[in-house]
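Subject: A structure for you to look at

Hello,

Here is the structure I promised to pass on to you. Please open it beside this email and find each residue as you read.

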Amino acid sequence: TPTIGVLALQGDTAEHLRVLEGLGVPARPVLRPEELDEVDGLVLPGGESTTMSKLAVRYELMEPMRKRIHEGLPAYGTCAGMILLADHILDGAADQETVGGIDMTVRRNAFGRQTESFESPIEIEGVDGGPLDAVFIRAPWVESVGADVDVIGQVTRGERAGRIVAVRQGALLATSFHPELTGDARIHRLFVDMVKGNA
Ligand code: GLN
């Protein structure tokens, strides 16, 4: 069984660890570079991407994360974690760095001030059993993707219909929303299957 790490610099690390443990997957927080060497997959949680990226530099995790992800470490980012996995960002803080890995442009806080948080059913390609109840909190959306990126989830109703909120590129997965907060483990199961090489 693979071990999955959850980046523990800031954000909802504990919620991700709980979901993974619920699936019976060994999971542990990653705060030091050595801890990154011991995991077979990495979750980047929701939280505040500017803070997380500053802390990643300070804790000397930024370069090691870039290196391991470049080498093929499977990773899953939710919300702020999606921003961290983006090669390009819009509306970032001045000189906000990302880990990168997914050939996409992500717009921070894209859903706007009036709708700081909302829920919407989202159908995810590769996830059976009907749409997920997706929770968005000051969420980003994916503005554009490169040719190697699969769009696996989009908003289907309302004025935001068509907005891209879930993507996959090889072993990398990202969602604008927070499945770690809703008790629906299907996306985490997909990620575990990706780590095992079965998806
Ligand atoms: N708006 C946050 C950011 O830019 C992300 C919010 C979240 O992770 N819920 O980092």
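Predicted model: local features only at pLDDT ≥ 70, side-chain atom pairs only at ≥ 80, totals over all residues.

**Around the ligand**

Start by selecting the residues around the ligand: Gly46, Gly47, Glu48, Ser49, Cys79, Ala80, Ile83, Arg108, Asn109, Ile137 and Arg138. Sorted by class, this shell has four nonpolar, four polar and three charged residues.

Several of these names come back in the UniProt record. In an unreviewed entry, it gives the annotation "binding site" to Gly47, Glu48, Ser49, Arg108, Ile137 and Arg138. Those positions are spread over 92 residues of sequence, yet they cluster in space, with a largest C-alpha distance of 12.7 Å.

Gly47 sits in the loop between strand 3 and helix 3. Is Gly47 buried or exposed? It has 22 other C-beta atoms within 10 Å, and 20 or more are needed to count as buried, so Gly47 is buried. Leaving out residues up to four places away in sequence, Gly47 touches Gln10, Gly11, Asp12, Met52 and Ala80.

Ser49, in turn, belongs to helix 3. It is buried too, with 29 other C-beta atoms within 10 Å. Not counting residues up to four places away in sequence, Ser49 touches Ala80, Ile83, Leu84 and Arg108.

**The annotated active site**

Which residues does UniProt place under "active site"? The unreviewed entry lists Cys79, His178 and Glu180. Although these are spread over 102 residues of sequence, they cluster in space, and the largest C-alpha distance is 10.9 Å.

Cys79 is in the loop between strand 4 (75-78) and helix 5 (80-85). With 30 C-beta neighbours inside 10 Å, Cys79 counts as buried. Setting aside neighbours within four places in sequence, its contacts are Gly46, Ile137, Ala139, Pro140, Ser176, Phe177 and His178.

His178 lies in the loop between strand 12 (172-175) and helix 6 (186-196). This residue is buried as well, with 23 other C-beta atoms within 10 Å. With residues up to four places away in sequence left out, His178 touches Gly46, Thr78, Cys79, Val135 and Ile137.

**Two residues with a positive phi**

Go back to the ligand shell and find Asn109 and Arg138. Asn109 is not a glycine, but it has a positive phi of about 50°. Its place is in the loop between strand 6 (102-107) and strand 7 (117-122). Asn109 has 16 C-beta neighbours inside 10 Å and so counts as partly exposed.

Arg138 is not a glycine either, and its phi is positive at about 45°. You will find Arg138 in the loop between strand 8 (132-137) and strand 9 (141-145). With 17 other C-beta atoms within 10 Å, Arg138 is partly exposed.

**Helices with a buried side**

Now turn to helix 3 (residues 49-58), whose buried residues are Ser49, Met52, Ser53 and Ala56. Why do they end up on the same side of helix 3? They cover an arc of only 95° around the axis, which puts them there together. Just after helix 3 comes Glu60, with a positive phi of about 55°.

Helix 1 (residues 13-22) has the buried residues Thr13, His16, Leu17, Val19 and Leu20. Seen down the axis, they fall within an arc of 160°, so they line one face of helix 1. On the other side of helix 1, Ala14 and Gly22 are exposed. The buried residues of helix 1 pack against strand 1 (4-7), strand 2 (27-30), strand 3 (41-44) and helix 6. After helix 1 comes Gly24, whose phi is positive, near 80°.

Enjoy exploring, and write back with any questions.

Best wishes

Methods:
Residues numbered from 1 in each chain as written. Near = placed C-beta within 6 Å. Nonpolar A, V, L, I, M, F, W, Y, C, P; charged D, E, K, R; others polar. UniProt positions renumbered as here; feature names shortened; annotations may be inferred. Helix = DSSP H or I, 4+ residues; strand = E, 2+ residues; numbered from the N terminus. Buried ≥ 20, exposed ≤ 12 C-beta atoms within 10 Å, placed from the backbone. Contact = placed C-beta atoms within 7 Å. Arc of directions from axis to C-beta.
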